[in-house]
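Here is a briefing on one protein chain. Look over the sequence and the model before reading on.

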Amino acid sequence: MENNFRMIAKTFFGFEEILAEELKKLGAQEVEQGVRMVSFKGDKGFMYKANLSLRTALKILKPIYSFKATNEQALYKGVSGINWSKYLNANQTFVIDATVHSTNFNHTEFVSQKCKDAIVDQFRERTGQRPSIEKIHPDLRINIHIDKDQVSVALDTSGNSLHQRGYRLATNIAPINEVLAAGILLLSGWDGQTDFLDPMCGSGTFLAEAAMIACNIPANINRKEFAFEKWKDWDNDLFDQIMDSLLKKVREFHHTIKGYDKAPSAVQKAKDNIRNANLDEYITIEERNFFDTEKTSEGKLHIVFNPPYDERLDIHMEQFYKNIGDTLKKNYPGTNAWFITGNLEALKFVGLKPSRKIKLFNASIEARLVKYEMYEGSKRTKFASPVRLEGSGQTTDDNVQ
């Protein structure tokens with residue numbers, strides 16, 4: 001289409017394939033996977049749609065110019081070559097986010113400063129006025145990416161990272177990132193066709209993301225603003241049309257989503273967050289110790305959780321992880337159980353053989369996402385071939401960051 005343009009969706013390393021599938025299902029054109037990113041084409045309406053809908057994207061960037069630069073003069077000249085009045089007025093504010101992988105430029109702060117000077121000088125020469133820097137709520141967020149001598153300039157369509165969905169107002173210690181949680185759920189094959197349990201739900205992130213996937217609710221429906229709402233070509237009517245179209249595709253959910261946590265404070269925070277997300281009709285949260293529970297639903301149960309693994313916590317890790325394995329084995333037949341942990345030593349004490357193990361990073365912590373299959377009655381013999389996630393194209397010991 002004539003009005004289509006290329007965009008870049010940023011994500012975690014290893015989520016590229018999931019994100020590409022999301023984009024294709026939304027209707028993106030010319031989808032291409034990279035490292036920690038997926039590029040695609042769409043029009044302005046699709047840009048709105050992508051920001052509202054994508055579960056595994058951290059940012060949506062709109063590239064506007066690229067050039068080569070090996071020194072500060074060439075960088076300044078290249079940024080000066082863009083007609084910034086197309087995107088910004090002299091009385092508005094902006095900020096620059098720079099990422100640098102180059103021996104020619106050593107510091108991101110220096111790159112940001114040089115690019116800022118080029119923009120400000122252009123306005124001052126043309127109008128006698130200059131836009132100001134505003135780091136928290138700028139009118140325009142500009143992304144500068146330098147790889148060797150290649151400089152890419154893009155507009156940040158999203159603003160704050162898209163993991164900031166808008167529903168999680170109360171958190172516990174080290175809550176899981178919403179994009180990471182959504183990616184884990186999609187990797188686990190969660191599709192809303194069974195009952196779901198997070199037995200250590202904390203502030204309720206897995207519960208909220210699981211419900212939104214099950215009901216096909218747009219991931220960022222509760223978000224208060226996107227960066228593109230301050231752009232010169234902002235089209236409020238088009239945005240409302242896109243929103244209405246997405247909401248018409250919300251589907252019914254005919255199973256249960258439950259969360260347990262033994263801490264009363266966590267239970268209250270989770271309930272508050274689920275209420276903020278308008279998902280309380282789908283989710284039940286109870287104050288319970290997972291180790292004292294058993295499966296209450298008939299048929300298959302899908303479990304995903306994020307157990308504590310910080311050695312500073314008052315937990316005997318070996319016994320704690322042994323209890324996880326014992327509880328799953330004895331009390332949860334007919335269950336696929338997934339959890340993420342950064343305590344690789346503690347995994348040895350679960351006492352069950354994982355059918356799937358994926359390397360990933362939770363923030364800077366190397367972790368594992370593991371799957372345990374609990375069978376009804378006696379364990380059946382499994383095929384010897386590697387376990388695959390449907391549609392993932394990945395086998396055991398994959399890397400996700």
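At 23% relative accessibility, Ile221 counts as partly exposed. That class lies between buried (under 20% relative accessible area) and exposed (over 50%), with a 1.4 Å probe and protein chains only. This is a predicted model: local features need pLDDT of at least 70, side-chain atom pairs count only at pLDDT 80 or more, and totals for chains, interfaces and linings use all residues. Residues are numbered from 1 along each chain as its sequence is written, and side-chain values use heavy atoms, with hydrogens and water left out.

- Ile221 sits in the loop between α6 and α7 (236-247).
- Helices (H or I, at least four residues) and strands (E, at least two) are DSSP runs, numbered from the N terminus.
- Leaving aside residues up to four places away in sequence, Ile221 touches Leu52, Met243 and Leu247. Contact means heavy atoms within 4.5 Å.
- Ile221 and Met243 are 22 residues apart in sequence. Their C-alpha atoms are 8.3 Å apart in space.

**The whole chain**

- The chain has nine helices and 16 strands.
- Its C-alpha trace spans about 75 × 45 × 40 Å along the principal axes.
- Of the 401 residues, 52% count as buried.
- Take the contacts between residues at least 6 apart in sequence: 76% of them join residues at least 24 apart.

**Helix pair α3 and α4**

- Helix α3 (residues 72-80) packs on helix α4 (residues 108-127) at an angle of about 45°, with the axes 9 Å apart.
- That angle makes α3 oblique to α4. Angles under 35 degrees count as roughly parallel, over 145 as roughly antiparallel, 65 to 115 as roughly perpendicular and the rest as oblique.
- Axes are lines fitted to C-alpha atoms, for helices over the stretch in contact, and angles run from 0 to 180 degrees between N-to-C directions.
- The α3 and α4 crossing is right-handed. A crossing is right-handed if the near helix is turned clockwise from the far one by less than a right angle, and left-handed if anticlockwise.
- From α3, the contact uses Glu72, Leu75, Tyr76, Val79 and Ser80. Residues from α4 include Phe110, Lys114, Asp117 and Gln122.
- The contact residues of α3 with α4 divide into eight nonpolar, two polar and four charged. Ala, Val, Leu, Ile, Met, Phe, Trp, Tyr, Cys and Pro count as nonpolar, Asp, Glu, Lys and Arg as charged, and the others, Gly among them, as polar.

**Helix pair α5 and α6**

- Helix α5 (residues 178-187) and helix α6 (residues 205-215) cross at roughly 55°, and their axes come within 9 Å.
- That makes α5 oblique to α6.
- The crossing of α5 and α6 is right-handed.
- α5 contributes Glu178, Ala181, Ala182, Ile184, Leu185 and Leu186 to the contact. α6 contributes Thr205, Phe206, Glu209, Ala210 and Ile213.
- The contact residues of α5 with α6 come to eight nonpolar, one polar and two charged.

- Glu30 has phi near 50°, a positive value in a residue other than glycine. Glu30 is in strand β2 (residues 29-33). At 48% relative accessibility, Glu30 counts as partly exposed.
- Asn278 has phi near 60°, also positive in a residue other than glycine. Asn278 lies in the loop between α8 (264-276) and β11 (283-287). At 53% relative accessibility, Asn278 counts as exposed.
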